[in-house]
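Please read it beside the sequence and the structure.

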Amino acid sequence: MSASTALGRGDLPDAWDSGDAAGIDPEHDRRVEELKPAGAGVAAFYDRAARGIAGAPDLAELKERHTRLLGRERGIVTGRLAGLPELSPEERRQSGRALNLIKRWLTELEAARRSALEREQESRSAQGLDVTLPGRKPWIGHRHVLAQIQEELLDLFHGLGYSVYVSPEVESDDYNFGKLNFPPDHPARDAHDTYWVDGGLLLRTHTSPGWVRAMEERQPPLRLVFPGRVFRAEQVDASHMDQFHQVDGLFVDRDVSMADLKATLNTFARSIYGRAVRTRLVPVYFPFVEPGAQLDVACVICDGSGRVRDARCPVCKGGGWIELLGAGMVHPNVFRAVGYDPEAVTGFAFGMGLERIAMMRWGIPEIRLFLENDLRFLNQF
Ligand code: PHE
């Protein structure tokens, strides 16, 4: 190798030797050997250059060292490559091959070292704790609007002495209908549009089957509420879903009267809609109560007038009253079905739909919103 292309260890700082070239290039020793025929100095130069790249402590220093070796203007290897044409053909062949190998291998080493340093930097900044940054707010959910209403109702009835009784969503015909005094072919069954399950079972159409289970298990006096999901094979529209939620109530003791029922329902209505709310009980037929009634409240939107700004009230449809729940005195046949003596005990029961209560209270026009899990809706409650 002539003077213009000669290379040696002394062309680079001693300190570069501390880098571990074999650590990032398993081929390192073999490559040094491969360069030896071109001259011991060339091989030693490459060894130190490779160690310098491998041992570059940070990205800035790596760039510095890379420029020193392969920089376009002043890179040592670049300069030697530029001097090749001055050499004799024999020298040019040998030095040219060595210099091109050195250039290729150093380029590879530089890329490997650079990505290692970048990875280090990333993980350092991921682990580092910058105490001046604002804290990351954890995402906190909250209870579904129906769960909130249910909790509010259970809380209210808890204050009136009621305990919670939970009964199955999949029921037998007997508990959902038979023991609740629905005759086998009574049209009242059709009104419930039942989802049937294999084996004579069904998805409960109301939470009232819970009364039967509770009364079969326990003796009076009873004061219970029955929350839960119910199912009806309804045509789905803005005010009908094929699943919704109810809370039933049952009070059985000696000498329970209709007056007790009225007082309880008025307490409930005032707690939900405010002290000023007006109510009325209207006779209605249900197979499991006698007499049966529905509780209406004066429409909270139009205050019972049926009109809003010279137009028909959209919520009560002009009637001025809204049907809130079904209620009545427990039918003697229901007591007989569970083994109670209807001459000895009396009781009242009521059942309300949670979606309806929520829709009325907040003016929610669309029952499907409760099941869609759209946060824009849910976050409003
Ligand atoms: N279970 C009835 C229904 O789902 C509601 C009701 C309960 C009516 C208790 C009267 C007494 O429609």
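In this predicted model, L201 is partly exposed, with a relative accessible area of 33%. The residue sits in strand β4, which covers residues 201-203. Patch membership calls for over 30% relative accessible area, and L201 has 33%.

**Pockets**

The largest pocket holds about 1300 Å³ of space. Its lining is made up of 47 residues, and those nearest the centre are F244, E323, L324, G353 and R356. Strands and helices that each supply at least two lining residues are β6 (243-253), β11 (321-330), β12 (346-353) and α13 (354-362). Of these, β11 gives the most, with 7 residues. By type, the lining of the largest pocket has 30 nonpolar, 10 polar and 7 charged residues.

The second largest pocket holds about 210 Å³. Residues lining this pocket include H144, E169, R229, H245 and N373. At least two lining residues come from each of α7 (145-159), β5 (222-231) and α14 (369-372), and α7 gives the most, with 3 residues. The lining of the second largest pocket divides into 4 nonpolar, 5 polar and 2 charged residues.

**Salt bridges**

The whole structure contains 23 salt bridges.

| Pair | N to O distance |
|---|---|
| R9 and D17 | 2.9 Å |
| E34 and R97 | 3.1 Å |
| E110 and R114 | 3.1 Å |

R9 is partly exposed at 28% relative accessible area, and D17 is also partly exposed, at 25%. R9 and D17 belong to a salt-bridge network that also links D14, D47, R48 and R51.

The side chains of E34 and R97 meet in a salt bridge. E34 lies in helix α2 (residues 28-35) and R97 in helix α6 (residues 89-127), so this pair ties together parts that are 63 residues apart in sequence. E34 counts as partly exposed at 26% relative accessibility, and R97 counts as partly exposed at 48%.

E110 and R114 both lie in helix α6, 4 residues apart, or about one turn of the helix. Which of the two is buried, and which is partly exposed? E110 counts as buried because its relative accessibility is 9%, under the 20% limit. R114 is partly exposed, at 34%.

How values were computed
Residues are numbered from 1 along each chain as its sequence is written. This is a predicted model: local features need pLDDT of at least 70, side-chain atom pairs count only at pLDDT 80 or more; totals for chains, interfaces and linings use all residues. Side-chain values use heavy atoms; hydrogens and water are left out. Buried means under 20% relative accessible area, exposed over 50%, partly exposed in between (1.4 Å probe, protein chains only). On a 1 Å grid over the protein atoms alone, a cavity is a set of points where a 1.4 Å probe fits but cannot get out, and a pocket is an open set with protein on both sides within 12 Å along at least five of seven lines; lining residues have an atom within 4 Å of a point. Grid points are joined across faces, edges and corners, and a volume is the space filled by probe spheres set on the points. Ala, Val, Leu, Ile, Met, Phe, Trp, Tyr, Cys and Pro count as nonpolar, Asp, Glu, Lys and Arg as charged, and the others, Gly among them, as polar. A salt bridge is a side-chain nitrogen of Lys or Arg within 4 Å of a carboxyl oxygen of Asp or Glu.
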